[in-house]
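Have the model open while you read.

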Amino acid sequence: MRRVRVSASGRRRVIAMGAVMAAALAVGGALPSSATRADGSGDAVRKGLDRLVHEDRYPAALASTVGRDGRVHHFTAGVADLRTGAKVPVDGQVRAGSNTKAFTATVVLQLAGEGKVALDAPIERYLPGLVRGEGIDGRRITVRQLLQHTSGLPDYTDFIADPTGTARHTYVRPRALLDTALAHKAVFAPGTSWAYSNTNYVLAGLLIEKVTGRPLAEQLTRRVIDRTGLRHTYFPGVGDEGIREAHPQGYFAAKPGRPLESITELDPSWGWAAGQVISTPSDLNRFFTALLDGELLEPAQLAQMRTTVKVPESAGIGPGVRYGLGVTSAPLSCGGRSWGHGGDIPGYATRTGVTDDGRAVTVAVTADGPPTEQGPGDVLALLDAALCS
């Protein structure tokens, strides 16, 4: 595992919310570990990444950390390509999956601050006649409930064609994703429970386009990516199946223990406003730090974003996790809470966490589904250990 030190001046802060060692050995021996010695949180990150590679069998693991002093460190472990054994690019680009939801929610809240969107207004006000189905009525679902996952809308990802199969190269329009969801009955009445649904954020993306009269990608770029100085983050365009800058390959296992298949190139349109962004660990740290520091939202809107509801244990996101408007809050073993989101998309999984005192950690691994059952839990344990060291 490699560790790279960056000066303080260089600081940057699912789709579900959630390969293997044998494959690596088959193509040329053990996975390498090439870290310089680190103390404190650096040592915790080094050990954690080594575990992710050698025990949990992720081909590569990357991390970026920011300490209370603002100093940035990057770490890598494993290989970028199981076939060639290439080195993992330091702070390489990965598909950020559902971290995209925090970007989308930020734009909606900016529009709320501008008086163009009311969080407690029904989505019907902005997208009249669009949200209808069995037990589904856009006149009863508010913008807040969309961002908070309390709308009761079914998740279209439960019904679309398998994005790890031949459909991975198919472009899907946002309206087609919505139509897929609305063909199924509501999960519960709006505001009565909580359930993660990517459909909520497709609607949030359509809301942004309707209110601004501009494409979602442009709004995310102008209002969030450029404003925060995220130089290695972008929203892929139509037909853009690759990853533009240096990146490790992404892999997918049909289930734990099955061989890994490369799935780096795919059409991410089925993620759209819920999961299409590509970024780096340090850019994600920079984004969530700027967001929680109030650089992107006025105090009133940031307070709304940080107003959370309990996530049921049955959701499998983790004990004590709460959901705000596009962000999660999770308890730390050392006390206090971290804020972020996390993302899963075929090939990559990322977990993010920032604290109010300036600490930030993002961990990315290059297989989703995971090679082993314990892998995702170990990623979360590393995030906690790095923030608490």
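Helix α11 is 14 residues long and reaches 20 Å from its first C-alpha to its last, close to the 20 Å expected at 1.5 Å a residue. That expected span is 1.5 Å times one less than the number of residues. Helices here (H or I, at least four residues) and strands (E, at least two) are DSSP runs, numbered from the N terminus. Bear in mind that this is a predicted model: local features need pLDDT of at least 70, side-chain atom pairs count only at pLDDT 80 or more, and totals for chains, interfaces and linings use all residues. Residues are numbered from 1 along each chain as its sequence is written, and side-chain values use heavy atoms, with hydrogens and water left out.

Which residues of α11 are buried? They are Gly375, Asp378, Val379, Leu382, Leu383, Asp384, Ala386 and Leu387. "Buried" means under 20% relative accessible area, "exposed" over 50%, and "partly exposed" in between (1.4 Å probe, protein chains only).

Now for the disulfide, meaning a pair of cysteine sulfur atoms within 2.5 Å. The model has one, and it joins Cys334 to Cys388 with an S to S distance of 2.1 Å. The two cysteines sit 54 residues apart, in distant parts of the chain: Cys334 is in the loop between β12 (328-331) and β13 (337-340), and Cys388 belongs to α11 (residues 375-388). The torsion about the S-S bond is about -75°, so this disulfide is left-handed. At 42% relative accessibility Cys334 counts as partly exposed, and Cys388, at 23%, also counts as partly exposed.

Strands pair if DSSP finds at least two bridges between them.

| Hairpin | Bridges | Residues between strands | Glycine with positive phi |
|---|---|---|---|
| β11 and β12 | two | four | Gly326, about 85° |
| β12 and β13 | four | five | Gly335, near 100° |

Strand β11 (residues 322-323) runs antiparallel to β12, and Tyr323 stands opposite Thr328 in β12. β12 also pairs with β13 in the antiparallel sense, where Pro331 has Arg337 as its bridge partner.

How far does the predictor trust all this? The mean pLDDT (the predictor's confidence in each residue, from 0 to 100) is 90 for the chain, and 89% of residues reach 70 or more. Over residues 1-39 the pLDDT is below 50, and beyond near neighbours in sequence that stretch has 142 contacts in the model. A contact here means heavy atoms within 4.5 Å.
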